[in-house]
Amino acid sequence: MTSPATAHLRLLEAESLHILREAAAQAMPTVLMYSIGKDSSVLLHLARKAFHPAPPPFPLLHIDTTWKFRAMIAFRDAVAARYDLDLHVHTNPDGLRQGVNPFDFDPTTYTRIMKTDALKQALDAGGYVSAIGGARRDEERSRAKERIFSVRGPGHSWDPKRQRPELWQLYNGQHAPGETLRVFPLSNWTELDVWTYILMEGIDVVPLYFAAPRPTVERDGVLIVVDDDRMRLAPGETPVMRMVRFRSLGCYPLSAAVESEAADLPAIIAETRGVRLSERAGRLIDYDADASMELKKREGYF
Amino acid sequence: MPEQLLRVLACGSVDDGKSTLIGRLLFESGAVPDDTMATLEQDSRRFGTVPGDLDFALLVDGLAAEREQGVTIDVAYRYFETPRRRFILADAPGHQQYTRNMATGASTADVAVLLVDATKGVLAQTRRHAAIAALMGVCHFVLAVNKMDLAGFAEEPFATAATEIHLLLDRLGTYGLTAIPVAARDGDNVTRPSPRMGWYSGPTLLAALEAAPIPTPAADAPARLPVQLVLRPNADFRGYAGTLRGGRLRVGDTLVNVGAGTSARVARLAGMDGDRTTAEPGQAVTVVLDHDIDVSRGDVLAAAPTPARRRDDMPLVAPLPEVTQQITARVVWMDDTDLFRGRAYLLMLGTATSIATVTEIGGRLDLDRMEDEPARKLAGNEIGTVTLSLAQPVVCEPYATSRALGGFILVDRLTRATVGAGMITHIQPNGRAIYWHRLDVDKAARAALKGQRPAVLWFTGLSGAGKSTIANLVEKRLHALGLHTMSLDGDNVRHGLNRDLGFTEADRVENIRRIAEVAKLFVDAGLIVLVSFISPYRAERGMARDRVEAGEFLEIFVDTPVDECRRRDPKGLYARADAGKLRNFTGVDAPYEAPEAPEIRLRTLDAEPERLAEQVVAELRQRGIVA
């Protein structure tokens, strides 16, 4: 069966497998950044395909801020066990000690300490030449500009003005002393491609993507799901059950849910086709400053 | 979901309104989400160039610096679709200094939208972009003559630009061309026909993109598999992973490992979802062969010419790719440092890598005449014809036959950055390379007669550092030990062999290239060669090192700080350079790139020349060059 959608996704899949294999051939040791979301699920699936019947020749790394949804952590551990994966989990010990959390710290500071700094610590400790991530160019306008093999300078910084030319399918995995690489196999995928591929390949994703009644509160015009008792409620505030799902998953106090009836993959795909808001609209950390994704990337964020 | 996928490049000179046009195209085809529109309204008020109106360029200029400066720096990829087609659109920067980013977008494009400002006409940068897109294999052009509103919607400037581009493309080859007058700011002829240009009856930009031909690979093209990885999870499985190029591959087909000349049949096409019996071009495959032949990354497995066609009187339907150490290519140069004859780079082609030395610059493309003119170098953003000599044999095909085996990149060996993109036009097959006389008396025989091991002692350092002084002392000691030596001194060689060369960067590169070749000849003669040259560039010292075998080259860094050299100034050169009477003087107004890992480092501030000469001889003993 080669329906039009399938043909297009097979092209994207082949490109991603090629990229993963180039990373493994040119930029070892490498590590797959596993964030548990739908893109990571697709990335992991592709990594298993690229090297089959051998296992992926790299470990998985999860940066755990300790504020992820409980369902995400359960899903992560189940996946690692099912595929016998070498999963590394890292939390920034300094952030833990200082009690950094998304309530008392502004999103920029929280993200820098618990995500960017934590990531840099783990990459430095692992001595990785490259790190593979699931970022897509359609997510955000500075990501639209980034190379598939993206050079990071000392301190993992990204200099958008000094990007290497990247021609054909020739990926330059060479790096000078002090430099590392980020590799983005899903660069040319769109949100719709990801969901269609998940359906086509039968890939498991965290249940939070499917609409269900969940306890929510409204904050700054968006819906936050109360995932545990660390959520700070205003005096007299009671969570309200609403039929919601997530388009993008992160730390629960910073991830906005959308009201939706889409409880299965075909419904999600239909919803994604008709949606009039960008995917990262649910990420509260992106609203902080103009060009905020670019700033975070310059500091070493994915 | 539409089946067809078209990869589009949008290019043209800066300020011709490219980002505005693309922003408009995305907006009108419904690819802009509501919250992104809200951000656009905000940004338009803050940075916008169109008072009180939406500035669509801000949709695509994703970097902060781009929005501040109102220019596009890097290529951005956009995804949109119509009921007929899906599009991946690469928005390329127009500035000449960011031409490398434009080439990035061109390398994967099927169709190019070339923008021209109706009020300015075709510019040099327009011609450069057209040339690069054509060289890279774009086969259809859509000329969008923009800002028709500022040209009074008159036909004449449109017709002038269309004729000029038509003639230009004719000189470059045969290309399809659709010319459209547009006003991106207001949307005329972008997705809706303009009521303001009644004289134009052709398609809108979007309609032209929906109708542009999509190149389809030839159905009977031969299979090519550049091997990325060898997968060996256990003793029972050995698979070759790579992306299939060219044509279809079936289980049972015979594949030739082109470099080695060995062959085997495809036993399995393995995959996580089970084995397949056929694989299509573009697919990522894992091939298991019916018996073991030696295959590793960089090798190319190619469909064997069918046995029936192997008779001498019949042409091969599918000839094998060539194995070569010499190629000629069109090169788009993308670095701030110039390309010279004699410079060596890392070449990446398919999955192979090799050191590549520039042996000839055949010419540089003159953008007005679209013909090559003689050149001694290629500067950043120039296009030229370059012949490269490869240290390792590489399997390749002309770019016109195969983008996958005919396109390559050149990588700077120090910065590791991608500095050039090449498209092979001519291959000198290895079997037919310039015949190399194999001599019965060889280097080993000559050295054996002298009872020694040949070597190059390459003394590098600033003028006045003490290179010649120390080299002279070392040679006296070696001579006293009964060893056969030869000295090449920078000043002396410039009186003879290199007296035609000056001190520009190009001449310095050629100076060192000749010395490296002479040193290699002396090494072949079995001698220990002492070379004392400032040799300021790492790239050239690396090239000299590559001329001889591993272990034969010793880089000796005569490490004297520039202030000390200036104090000594034995030839009075620093005084003249400081007075401005001597140009391009290393350490004063020309750079010296110190060795990063020399075999020997001599710190002249710490010891007398005699001690340092002893240090060199001791190191030679250590390495078995001196008994």
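1. In chain A, strand β7 (residues 212-219) and strand β8 (residues 222-225) are joined by four bridges and run antiparallel. Strands here, like helices, are DSSP runs numbered from the N terminus (helices are H or I of at least four residues, strands are E of at least two). Two strands pair if DSSP finds at least two bridges between them. A:T216 has A:V225 of β8(A) as its bridge partner. The two strands make a hairpin with two residues between them, and A:D220 in the turn has a positive phi of about 50°.

2. This is a predicted model, in which local features need pLDDT of at least 70 and side-chain atom pairs count only at pLDDT 80 or more, while totals for chains, interfaces and linings use all residues. Residues are numbered from 1 along each chain as its sequence is written, and chains are lettered from A and ligands numbered from 1 in the order in which they are written.

3. β8(A) also pairs with strand β10 (residues 256-259) of chain A through two bridges, and these strands run antiparallel. A:L223 stands opposite A:A257 in β10(A). Strands of a sheet pair through backbone hydrogen bonds, either parallel or antiparallel.

4. Chain A is assigned domain 1 (4-194 + 291-299) and domain 2 (206-286); such bounds come from an automatic or database domain assignment. The C-alpha centres of domain 1 of chain A and domain 2 of chain A are 24 Å apart. The contact between them takes 21 residues from domain 1 of chain A and 21 residues from domain 2 of chain A. Two residues are in contact if their C-beta atoms, placed from the backbone, lie within 7 Å. On the side of domain 1 of chain A that touches domain 2 of chain A, the elements giving two or more residues are α3 (70-82), α5 (107-126), α6 (191-201) and α8 (292-299) of chain A. The largest share of that side, four residues, comes from α3(A).

5. Between the chains, 45 residues of chain A are in contact with 52 residues of chain B. On the side of chain A that touches chain B, α1 and α2 (38-51) of chain A are the elements that give two or more residues. α1(A) gives the most to that side, with twelve residues. The residues of that side of chain A divide into 21 nonpolar, eleven polar and 13 charged. In this count Ala, Val, Leu, Ile, Met, Phe, Trp, Tyr, Cys and Pro are nonpolar, Asp, Glu, Lys and Arg are charged, and the others, Gly among them, are polar.

6. Chain B is divided into domain 1 (4-211), domain 2 (223-310), domain 3 (322-429) and domain 4 (443-622). The C-alpha centres of domain 2 of chain B and domain 4 of chain B lie 49 Å apart.

7. Five strands of chain B form an open sheet in the order β26-β27-β25-β28-β29, with parallel pairing. β26 (485-489) and β29 (600-603) of chain B are at the edges, each with a single partner strand, so one side of each has no neighbour in the sheet. Within the sheet, strand β25 (residues 455-460) and strand β28 (residues 553-559) of chain B are joined by five bridges. B:F459 stands opposite B:I556 in β28(B).

8. Helix α11 (residues 467-480) of chain B lies across β25, β26, β27 (528-532), β28 and β29 of chain B, at about 165° to β27(B). Axes are lines fitted to C-alpha atoms, for helices over the stretch in contact, and angles run from 0 to 180 degrees between N-to-C directions. Helix α13 (residues 505-524) of chain B lies across β25, β26 and β27 of chain B, at about 160° to β27(B).

9. B:I470 is in helix α11 of chain B. B:I470 counts as buried because 26 C-beta neighbours lie inside 10 Å. The cut-off for buried is 20 or more other C-beta atoms within 10 Å of the residue's own, with exposed at 12 or fewer and partly exposed in between; C-beta atoms are placed from the backbone. Leaving out residues up to four places away in sequence, B:I470 touches B:F459, B:V558, B:L602, B:P609, B:L612 and B:A613.

10. Ten of the eleven residues of helix α1 (residues 18-28) of chain B are buried, so this helix is largely enclosed by the rest of the structure. B:G30 follows α1(B) and has a positive phi, near 75°.
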